[in-house]
Amino acid sequence: MKIALFDSKPYDYSSFNAAIAESGDEIKFFDTKLGVDTAGLAEGCDAVCVFVNDEVNKEVIDRLYSLGVKILALRCAGYNNVDLNAAYKKIHVVHVPAYSPYAVAEHAMAMLLTSIRRIHKAYNRTREFNFSLNGLTGTELHGKTVGIVGTGKIGRIFADICRGFGMKIIAYDKFPIENAGIEYVTIDEIWERSDFISFHCPLTEETTHIFGAEAIEKAKKGVVIVNTSRGALIDAEALLKGIKDRKIGAACLDVYEEEGDIFFRDFSGHIVGDDVIARLISMPNVLITSHQAFLTEEALKNIAETTIQNLKDIEKEGFCENELCYNCGSIERCKKERRKKCF
Ligand code: NAI
């Protein structure tokens, strides 16, 4: 099998090369993202492998289809960047549903702790031999309420971690899990009752800007927001206003609405044209990492191995457990239909 891997980074080379070792498969690594202008690079390939910021719209799907590409393999869990409807009956779309939910949940807690205990500020200070504690007063998690939006794989692990800190957990999920030992509440209650809010739901039409001006209005003064899911869950301009109004206590963002043209690239020494992210970064209570939550040794290995297995399953069996489809025509096989969660 010949695979065109777009938006590749040095850490992808070793994990994917190890996953295809001795298989006879071939991977062409392209630094560029997949888009209408770059789809032609996949000529002669059976499969295309993409990441979170490759825009796979109808035009791209049609171009890949005309080139004979049979499978689109997402090396990530989220698939909001793919037009599944356009891919239906043309290209199989597979993803990696759970490469390491622990990586993301642990990163969410790492960001929260860093922010509320000012670890990032202390690190910078002591490197300059400044041992003053002024301005480093933190907040404790114990006994506080955390609101979790989305209690899937990552959200539930994050809940377990929070439980370990002695926090009170409330959650909102469109499809609550029975007997999960979680107190489900309405989304408004999440905004009204939470001291900390962490997002772990997918980006859909319904969840786009789920945290915007209206939610901020309802939120507790000083609420700390953690987003390791998808940037557009949060209206970044409304968040900025909430921070300037002193309503938001702190924001920990691993994802950003307009991250596509910014994240994963080195802009040091350059002017970043996006005023919203520039202003967010300038705030003392905003902590940003650039879509790093997944990046662990364990996750990279799982991503590469699952992606290659997904491709082999489709090639050999014509079916893969991790296939995503608008309507695969086989309700027996479609996990989403069975769980009545089809899009
Ligand atoms: P999952 O599919 O196991 O869980 C998602 C949960 O969200 C489900 O329980 C689902 O019922 C719920 N949900 C669906 N629609 C909802 C709505 N309208 N309102 C509230 N809840 C809703 O997914 P998983 O593995 O827990 O991942 C969660 C998200 O984390 C992914 O969608 C992805 O965007 C993000 N992610 C981020 C990574 C990073 O590196 N920052 C890496 C991996 C995933």
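Biologist: How much area is buried between domain 1 and domain 2?
Modeller: Buried area is the accessible area (1.4 Å probe) that two parts lose on being put together, summed over both. Carbon and sulfur atoms give 57% of the area here. The total between domain 1 and domain 2 is about 870 Å². This is a predicted model, in which local features need pLDDT of at least 70, side-chain atom pairs count only at pLDDT 80 or more, and totals for chains, interfaces and linings use all residues. Residues are numbered from 1 along each chain as its sequence is written, and side-chain values use heavy atoms, with hydrogens and water left out.

Biologist: Which residues of domain 1 lose the most area to domain 2?
Modeller: Three residues together account for 44% of what the domain 1 side buries. They are Lys33, Asn53 and Asn80.

Biologist: Where does the chain divide into domains?
Modeller: The bounds come from an automatic or database domain assignment. Domain 2 covers 101-288. Domain 1 is written in two parts, 2-99 + 297-328.

Biologist: How many residues does each domain give to the contact?
Modeller: Contact means heavy atoms within 4.5 Å. Domain 2 gives eight residues, and domain 1 gives 12.

Biologist: How many salt bridges are counted between domain 1 and domain 2?
Modeller: A salt bridge needs a side-chain nitrogen of Lys or Arg within 4 Å of a carboxyl oxygen of Asp or Glu. Between domain 1 and domain 2 the count is zero.

Biologist: Which residue has a polar backbone atom 2.9 Å from a nitrogen atom of the ligand?
Modeller: A polar backbone atom of Ile154 is 2.9 Å from an oxygen atom of the ligand. A polar side-chain atom of Arg230 lies 3.2 Å from an oxygen atom of the ligand. For the ligand's nitrogen atom, the residue is Thr228.

Terms used: A polar contact is a pair of N or O atoms within 3.5 Å; within protein, one must be able to donate a hydrogen and the other to accept it, and residues adjacent in sequence count only if both atoms are side-chain atoms.
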